[in-house]
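Subject: Structure handover

Hello,

Here is the structure I said I would pass on. My notes on what was found in it follow below.

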Amino acid sequence: METTFRDPVVATAGSADPAAPLVVLLHGRGSNEREILGLADRLPAGPAYAAVRAPIAEGGGYAWFANRGIGRPVAESLSSTMSWFRTWLDAVAPGGRPVVLVGFSGGAAFAGGLLLAAPARFAGTAILYGTLPFDAGVPATPGRLAGAPVFVAHGEQDRVIPAELLARTWQYLLTESGAAAHSRRDPGGHGITGRTLAELGAWIDGLAAA
């Protein structure tokens with residue numbers, strides 16, 4: 001299994017101030033950093049936005065970890081890619097710079113892994129249309145995310161992520177984890193809607209005001 005990766009490829013938008021809050025956009029499996037960077041145009045002005053390319057080439061795009069099934073990361077792979085990501089993040093966002101993670105689909109699982117591994121590291125984490133990486137080497141114990149700001153959005157007709165993983169993620173984030181969770185259920189499927197983006201933007205604004 002690959003454990004050595006190239007330096008991250010990063011696309012940026014928004015503020016160029018190195019002290020500005022940093023919103024990191026994490027794309028879905030098989031996608032790339034350029035596709036998800038488009039979200040920045042519809043999110044609040046003020047933060048810096050960085051869309052990071054996942055380190056594993058897959059199917060014409062990129063992935064955050066090896067899978068043992070949809071939404072089920074291989075623990076060793078997730079550990080390796082999270083370590084790679086944290087090396088980049090610690091260089092661009094040293095202590096004191098707020099960091100917000102926004103992950104979609106496979107990027108949501110990766111963002112969830114980062115959050116569960118180090119809840120105090122992030123000013124907020126958005127889990128969009130995806131699952132947390134359960135049973136993949138990161139702790140998902142009761143109270144693990146006590147007080148951590150989390151935005152979670154699911155599509156009621158999502159047929160990409162297994163239903164049991166979506167339900168488990170929803171239940172954990174809204175109850176057992178202790179997170180300060182903002183939740184949204186879309187009537188659609190596996191895709192970010194305009195309404196969700198509007199609520200996400202307001203949530204990000206609220207983090208800055210807190």
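**Helix H4**

The buried residues of H4 are Leu 165, Leu 166, Thr 169, Trp 170, Tyr 172 and Leu 173. Seen down the axis of H4, these buried residues fall within an arc of 170°, so they line one face of the helix. They pack against helix H3 (106-117), E7, E8 and E9. Please keep in mind throughout that the model is predicted.

Helix H4 covers residues 163-176 and lies across strand E7 (124-128), E8 and E9, running at about 150° to E8. How does its length compare with what is expected? At 1.5 Å a residue, the 14 residues of H4 should span 20 Å, and the end C-alpha atoms are 19 Å apart, which agrees. Gly 178 follows H4 and has a positive phi, near 80°.

**The sheet**

The sheet is open and has 7 strands, in the order E1-E3-E2-E6-E7-E8-E9, with mixed pairing. Which strands stand at the edges? They are strand E1 (10-14) and strand E9 (180-186); each has a single partner strand, so one side of each is left without a neighbour in the sheet. From one strand to the next, the twist averages 15°.

At the E9 end, strand E8 (residues 149-155) pairs with E9 in the parallel sense over 7 bridges. Val 150 stands opposite Ala 181 in E9.

With E3, the pairing is parallel over 5 bridges, and Leu 26 stands opposite Val 52 in E3. With E6, the pairing is also parallel over 5 bridges, and the bridge partner of Val 23 in E6 is Val 100.

How many of the residues of E2 are buried? The count is 5 of its 5 residues. Both faces of E2 are covered, with Leu 22, Val 24 and Leu 26 buried on one side and Val 23 and Leu 25 buried on the other. As background, in a regular strand the side chains alternate between the two faces of the sheet.

H2 has 18 residues and reaches 26 Å from its first C-alpha to its last, close to the 26 Å expected at 1.5 Å a residue.

Ser 77, Leu 78, Ser 80, Thr 81, Met 82, Trp 84, Phe 85, Trp 88 and Leu 89 are buried in H2. The buried residues of H2 pack against E1, E2, E3, strand E4 (56-58), E6 and H3.

Thr 81 is placed in helix H2. Is Thr 81 buried or exposed? Its relative accessible area is 0%, and the cut-off for buried is under 20%, so Thr 81 counts as buried. The side chain of Thr 81 reaches the backbone oxygen of Leu 78 at 3.2 Å. Leaving aside neighbours within four places in sequence, Thr 81 is in contact with Phe 5, Pro 55, Ile 56, Trp 64, Phe 65 and Phe 110.

**Loop residues**

His 27 lies in the loop between E2 and helix H1 (33-37). His 27 is buried, with a relative accessible area of 1%. Not counting residues up to four places away in sequence, His 27 touches a list of residues that includes Asn 32, Val 52, Tyr 62, Trp 64 and Phe 104.

Asp 17 lies in the loop between E1 and E2. At 40% relative accessibility, Asp 17 counts as partly exposed. Asp 17 and Ala 181 are 164 residues apart in sequence, and their C-alpha atoms are 29 Å apart in space.

Two further loop residues have backbone angles to look at. Most residues other than glycine have a negative phi. Ser 105 is not a glycine, yet has a positive phi of about 55°. Ser 105 is found in the loop between E6 and H3 and, at 11% relative accessibility, counts as buried. Asp 135 is not a glycine either, and has a positive phi of about 55°. Asp 135 sits in the loop between E7 and E8 and, at 58% relative accessibility, counts as exposed.

Regards

Notes. Residues are numbered from 1 along each chain as its sequence is written. This is a predicted model: local features need pLDDT of at least 70, side-chain atom pairs count only at pLDDT 80 or more; totals for chains, interfaces and linings use all residues. Side-chain values use heavy atoms; hydrogens and water are left out. Two strands pair if DSSP finds at least two bridges between them. Helices (H or I, at least four residues) and strands (E, at least two) are DSSP runs, numbered from the N terminus. Axes are lines fitted to C-alpha atoms, for helices over the stretch in contact, and angles run from 0 to 180 degrees between N-to-C directions. Contact means heavy atoms within 4.5 Å. Buried means under 20% relative accessible area, exposed over 50%, partly exposed in between (1.4 Å probe, protein chains only). A polar contact is a pair of N or O atoms within 3.5 Å; within protein, one must be able to donate a hydrogen and the other to accept it, and residues adjacent in sequence count only if both atoms are side-chain atoms. The expected span of a helix is 1.5 Å times one less than its number of residues. The arc is that of the directions from the helix axis to the C-beta atoms.
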